[in-house]
Amino acid sequence: MKSWITKIVIGVLAAGVVLATATAQSRVTLPELPPAAGEECVEPTDVMRRDHPKFLLHIRDETVHGGIRGARHSLVECIDCHVQPVGGNEPPRYSDPQHFCASCHVFTGVRVDCFQCHADRPARATYFHKLSGHRHHMGDGTLSAAELKLLAEQGESHE
């Protein structure tokens, strides 16, 4: 795990050097970041560019090891705000250079593995249904008489 974190830190530092150099020399075309949907980020832009891996790793540890959710920094919230439809089409996938995360990570050569498990597009009804504590979260939550009878036969009840 330390090598993974080290790679991320080195990648972020390299990205900072590349962006600083590119800005100073203006011979390198900087990545174009798609606009965000929200009005204001949870942190200033320079802080997010520099520290977003730390925030995401910290929240990952709190969530996975401590079961703590709803923190200030959330990958889901980042995706919901920064990954928006392009040209009337659906929001791009991470494999598309127009994806917010990919635009910088491709530019800097930093590979991320966030989207092997997490959604790379906003969680909207058209892409996924939201999970709930309700056992039967598919549909509108109502069950037909036949479904209720089947559940009763299986010893389950509908709450």
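1. Asp 61 and its partner. In this predicted model, Asp 61 counts as partly exposed, because its relative accessibility is 30%. Its side chain meets that of Arg 60 in a salt bridge, with 2.9 Å from N to O. Arg 60 also counts as partly exposed, at 25% relative accessibility.

2. The overall fold. The protein chain has five helices and zero strands. Read from the N terminus, the order is α-α-α-α-α. The chain has 159 residues, and 23% of them count as buried. Its accessible surface comes to about 11600 Å². Carbon and sulfur atoms hold 58% of that surface. Take the contacts with a separation of 6 or more: residues 24 or more positions apart account for 52% of them.

3. Salt bridges as a group. How many salt bridges does a search of the whole structure find? The count is six. Side chains of opposite charge can pair when their charged atoms come close. The Arg 60 and Asp 61 pair is a salt bridge of this kind. Some others follow.

4. A bridge between two loops. Arg 72 forms a salt bridge with Glu 43, and their closest N and O atoms are 3.1 Å apart. This pair links distant parts of the chain, as the two residues are 29 residues apart. Arg 72 lies in the loop between helix 2 (45-66) and helix 3. Glu 43 lies in the loop between helix 1 (2-25) and helix 2. Glu 43 is buried, because its relative accessible area is 18%. The cut-offs are over 50% for exposed and under 20% for buried.

5. The side chains of Lys 54 and Asp 51 meet in a salt bridge, at 3.3 Å from N to O. Why are they separated by about one helical turn? The reason is that they are three residues apart in helix 2. Here, too, the partners sit on opposite sides of the cut-offs. Lys 54 is exposed, with a relative accessible area of 55%. Asp 51 counts as buried, at 11% relative accessibility. The pair belongs to a network of salt bridges that links Arg 50, Asp 51 and Lys 54.

6. The nonpolar core. Which residues make up the largest nonpolar core? There are eight: Leu 75, Ile 79, Val 83, Tyr 94, Cys 101, Ala 102, Val 112 and Phe 115. Helix 3 (75-82) and helix 4 are the elements that give two or more residues to this core. Ala 102 is one of the eight. Leaving aside residues up to four places away in sequence, Ala 102 touches Tyr 94, Asp 96, Pro 97 and Phe 107. Tyr 94 is itself a core residue.

7. His 105. This residue is found in helix 4. His 105 counts as buried, because its relative accessibility is 15%. What does His 105 touch, not counting residues up to four places away in sequence? The answer is His 52, Tyr 94, Val 110 and Val 112. Tyr 94 and Val 112 are among the residues of the largest nonpolar core. Tyr 94 is also touched by Ala 102.

8. A buried arginine in a loop. Arg 121 is found in the loop between helix 4 (100-108) and helix 5 (145-153). Arg 121 counts as buried, because its relative accessibility is 13%. Its side chain is joined to that of Glu 90 by a polar contact of 3.0 Å.

9. Cysteines. A disulfide is a covalent bond between the sulfur atoms of two cysteines. How many disulfides are there here? The count comes to zero. Consider Cys 41: its closest cysteine sulfur is in Cys 78, 6.5 Å away, so the two are too far apart for a bond. The cut-off is 2.5 Å between the sulfur atoms. Cys 41 is partly exposed, with a relative accessible area of 36%. Cys 78 is partly exposed too, with a relative accessible area of 27%.

How values were computed:
Residues are numbered from 1 along each chain as its sequence is written. This is a predicted model: local features need pLDDT of at least 70, side-chain atom pairs count only at pLDDT 80 or more; totals for chains, interfaces and linings use all residues. Side-chain values use heavy atoms; hydrogens and water are left out. Helices (H or I, at least four residues) and strands (E, at least two) are DSSP runs, numbered from the N terminus. Buried means under 20% relative accessible area, exposed over 50%, partly exposed in between (1.4 Å probe, protein chains only). A polar contact is a pair of N or O atoms within 3.5 Å; within protein, one must be able to donate a hydrogen and the other to accept it, and residues adjacent in sequence count only if both atoms are side-chain atoms. A nonpolar core is a set of buried Ala, Val, Leu, Ile, Met, Phe, Trp, Tyr and Cys residues joined through side-chain atoms within 4.5 Å. Contact means heavy atoms within 4.5 Å. A salt bridge is a side-chain nitrogen of Lys or Arg within 4 Å of a carboxyl oxygen of Asp or Glu. Accessible areas come from the Shrake-Rupley method with a 1.4 Å probe; for residues, only the protein chains shown count as cover.
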